[in-house]
Amino acid sequence: MAIDISTLDYDETGHVKFHSSCSTDLEQPVFDAEWQRRAFGLAVALSEFGHYAWEDFQRELIAAIGSWQSAPDDEKGRWEYYRHWVTALDTVVRRHGLLEEGYVNPEDRD
């Protein structure tokens, strides 16, 4: 079935406009690695299940990024957004007592 492109609507940039019933999520997060996707999902899920307010996580993420920005250049390392995300997640999880004292990651166990 051929589509007659002369009947399509185009936006000012020349891209086809979708029907209003079509939705695309252009704001969805983009991940470069699976661990980033898992870290994102864990942070969102813990908040949505009421373990902490999303604002608490956001505050820790801003603090983690701020620490990176204020570090001396020779200590910063390269910019990795999801490294800051994990730092914020670790902080908010510990502050809300979601891990027992002495918890050891499964990969670090004997």
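Leaving aside neighbours within four places in sequence, which residues is F40 in contact with? They are P29, F31, Y82 and W85. The model is predicted.

**F40 in α1**

F40 sits in helix α1. Its relative accessible area is 24%, so F40 is partly exposed. V86 lies 46 residues away along the chain, yet the C-alpha atoms of F40 and V86 are 8.4 Å apart.

**Where α2 meets α4**

Helix α2 covers residues 54-70, and helix α4 covers residues 81-95. Their axes come within 8 Å and cross at roughly 130°. The two helices are therefore oblique to each other. The crossing of α2 past α4 is right-handed.

| Helix | Residues in the contact |
|---|---|
| α2 | W54, D56, F57, E60, L61, A64, I65 and W68 |
| α4 | Y81, H84, W85, T87, A88, L89, T91, V92 and R95 |

By type, the contact of α2 with α4 holds 11 nonpolar, three polar and three charged residues. Take L61 as one example. Beyond its neighbours within four places in sequence, L61 touches Y81, H84, W85 and A88.

**The nonpolar core**

The largest nonpolar core has 14 residues. Those with the most contacts inside it are A43, Y52, F57, L61, W85, L89 and V92. Helices α1 (34-48), α2 and α4 each supply at least two residues of this core. The largest share comes from α4, with six residues. In soluble globular proteins, nonpolar side chains tend to be buried together.

Technical notes
Residues are numbered from 1 along each chain as its sequence is written. This is a predicted model: local features need pLDDT of at least 70, side-chain atom pairs count only at pLDDT 80 or more; totals for chains, interfaces and linings use all residues. Side-chain values use heavy atoms; hydrogens and water are left out. Axes are lines fitted to C-alpha atoms, for helices over the stretch in contact, and angles run from 0 to 180 degrees between N-to-C directions. Helices (H or I, at least four residues) and strands (E, at least two) are DSSP runs, numbered from the N terminus. Angles under 35 degrees count as roughly parallel, over 145 as roughly antiparallel, 65 to 115 as roughly perpendicular and the rest as oblique. A crossing is left-handed if the near helix is turned anticlockwise from the far one by less than a right angle, and right-handed if clockwise. Contact means heavy atoms within 4.5 Å. Ala, Val, Leu, Ile, Met, Phe, Trp, Tyr, Cys and Pro count as nonpolar, Asp, Glu, Lys and Arg as charged, and the others, Gly among them, as polar. A nonpolar core is a set of buried Ala, Val, Leu, Ile, Met, Phe, Trp, Tyr and Cys residues joined through side-chain atoms within 4.5 Å. Buried means under 20% relative accessible area, exposed over 50%, partly exposed in between (1.4 Å probe, protein chains only).
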